[in-house]
Every structure is written in C-alpha cells, then in structure tokens.
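I opened the model to look up a handful of local features. My entries follow in the order I took them.

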Amino acid sequence: MKTPTIPGLDIPVRNIYCIGRNYASHAKELGNKVPKIPLVFLKPLGTICYDGSSIQLPKQSSDVHFEAEIVLAITKSGKDISPARVNDHIGGVGVGIDFTARDIQSISKKQGQPWTIAKGFDNFAPISSFTELTPEQDLSELDIKLFQNGFVKQHGNASEMIFPIPNLVTFLSQQFTLHPGDLIFTGTPEGVGQVSSGDQLEVLLNNGEQSLKVTVE
C-alpha cells in the first residue's frame, strides 16, 4: 500500500491523532460527560482517503455515523509547543470526516475497550485539500458545515471547542513529539448521524475555503 499524502501540502501522512468530545453539545447528544482533559485516540493509515472517494460500509456494522471535523496538518516537528508558537507548526488546515461504527463503539465503551475497530475501517477518514496557514490566522474562527444529501446536518465553529486548537496542539506535544505529516482531527460538533448506501456527504470549511465530497456505498 502506498503511503497516503496530505493534499495541498504533498507530504506523507504520519500519525492520525483524533480528539473526542471536544464540543459540549456533541458530548451531550451522545450522553457522554464533558472531559476535563482532551480525549485522544488514533486512526490507522488505511482510513485516509480523499475528495471524491466512495466509502464502503463495513459488513461488521449496521450503524455507521458521520462526524465532520476541522483537521490540522503538522509540518514542523515540535515537543512541548507553547500555545503562542502553535501556528509555527501547523502547515495547513482542512476538513475531514471521522466515520464511526457506532454500534461497535458502544460495545467497546461498555467493555472499557479502545475504539480502534469502530474508528479504523478502510476509508473511514476522508480529508480535503489543505489551505496553508498564515502566521496571523485566527484559529478560533474556523467554521465547518456538513451536508447530507443537500441538507445541513452539522454546523460548528472552533470558538465552541472545549479545548481550543492551540491548547490541543500544546497538549498533544506534551505527550508525543509531533512530526511533519501528523494530522489532528479536532473533534466534531453536534448533529452526527447515521449514513446509508447512496448518501452524498459534503463538508465545507469557512463556507467553501476547502471542501470535501464523498459518496457512501
């Protein structure tokens, strides 16, 4: 398998860090407690796919959900990055979908097990192209929308995050050295829902600055 690359930046994907329950409204809709520190999980490289991809629903699940997210691309290595220096390490911003086999995840949660299988099926992390970050860009004003078959299902803004983007990058860099090619899925707003074969999903960053379209099979 060829190593996936980050569209717009043309560097290989390295690690895929994901943040769970980073919008209070989303935690509430799933009946989860709001976390006191970021909830971190990983996705395997095989989840990465791109704009225009088809998402094959896995036979192991009968309840796959979309979760639209703002995604960060790291292009400069760093450890213990201060919030004031975060922009120096983020090379681009895009959007993605964290597809989740909700029925499998529910069983894992009840058994106290990791979410890897529920989050890790092939093509379960489609990503858009990435816009280069400018030094003065305000990461707190990024806006995201997801459309399912033409209808808005999710709409969130980075200002609503429990853990703002600079804090997330700082937190992750305190646990792990971040490297060029690392992706950070920053959490999903409320409105997640089930997908069915034939669905068309579209995610927009800042009303079209970047976009992602996928079809569910």
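**Entry 1: helix H3.** I began with what H3 packs against: its buried residues meet strand E5 (64-66), E8 and H4. Contact here means heavy atoms within 4.5 Å. Buried means under 20% relative accessible area, exposed over 50%, and partly exposed in between, with a 1.4 Å probe and protein chains only. Helices (H or I, at least four residues) and strands (E, at least two) are DSSP runs, numbered from the N terminus.

Ground rules before going on. This is a predicted model, where local features need pLDDT of at least 70, side-chain atom pairs count only at pLDDT 80 or more, and totals for chains, interfaces and linings use all residues. Residues are numbered from 1 along each chain as its sequence is written, and side-chain values use heavy atoms, with hydrogens and water left out.

Which residues of H3 are buried? I found Arg102, Ile104, Gln105 and Ser108. They cover an arc of only 155 degrees around the axis, so they sit on the same side of H3. The arc is taken from the directions that run from the helix axis to the C-beta atoms. Just after H3, I noted Gly112 with a positive phi of about 70 degrees.

Entry 2: I picked Gln105, which lies in H3 (residues 102-110). Its relative accessibility is 2%, so Gln105 counts as buried. The Gln105 side chain makes a polar contact with the side chain of Arg102, at 2.8 Å. A polar contact is a pair of N or O atoms within 3.5 Å; within protein, one must be able to donate a hydrogen and the other to accept it, and residues adjacent in sequence count only if both atoms are side-chain atoms. Leaving aside neighbours within four places in sequence, Gln105 touches Thr100, Trp115, Ala118 and Lys119.

Trp115 is buried, with a relative accessible area of 15%. Beyond its neighbours within four places in sequence, Trp115 is in contact with Arg21, Leu39, Phe41, Gln105, Ser108 and Lys109. I also checked Val34: C-alpha to C-alpha it is 18 Å from Trp115, and the two are 81 residues apart in sequence.

**Entry 3: the sheet with E5 and E8.** What is the strand order of the open sheet of 3 strands? I read E8-E5-E14, with antiparallel pairing. E8 and strand E14 (193-194) each have a single partner strand, so they stand at the edges and one side of each is left without a neighbour in the sheet. Two strands pair if DSSP finds at least two bridges between them. E5 and E8 are joined by 2 bridges. Val64 has Ala101 in E8 as its bridge partner.

**Entry 4: strand E6.** Is E6 enclosed or open? In E6 (residues 68-74), 7 of the 7 residues are buried, so the strand is largely enclosed by the rest of the structure. In a regular strand the side chains alternate between the two faces of the sheet.

E6 pairs with E7 in the antiparallel sense over 7 bridges. There, Glu69 is partnered by Gly96 of E7. E6 also pairs antiparallel with strand E13 (residues 183-185), over 3 bridges. Leu72 stands opposite Ile184 in E13.

**Entry 5: aromatic pairs.** I searched the whole structure and got 4 aromatic pairs. Rings of Phe, Tyr and Trp (its six-membered ring) pair if their centres lie within 6.5 Å; planes under 30 degrees apart count as stacked, over 60 as edge-to-face and the rest as tilted. Phe99 and Phe124 have ring centres 5.8 Å apart and planes at 45 degrees, so this pair is tilted. The pair links distant parts of the chain, 25 residues apart: Phe99 is in the loop between E7 (90-97) and E8 (100-101), and Phe124 is in the loop between H4 (116-119) and strand E9 (125-127). Phe121 and Phe124 pair edge-to-face, at 5.4 Å centre to centre and 65 degrees between the planes. Phe99 and Phe124 are buried, and so is Phe121. Phe99, Phe121 and Phe124 form one aromatic cluster.

**Entry 6: cysteines.** How many disulfides are there? With a disulfide taken as a pair of cysteine sulfur atoms within 2.5 Å, I count 0. For Cys18, the nearest cysteine sulfur is that of Cys49, 13 Å away. Cys18 is buried at 0% relative accessible area, and Cys49 is buried at 5%.
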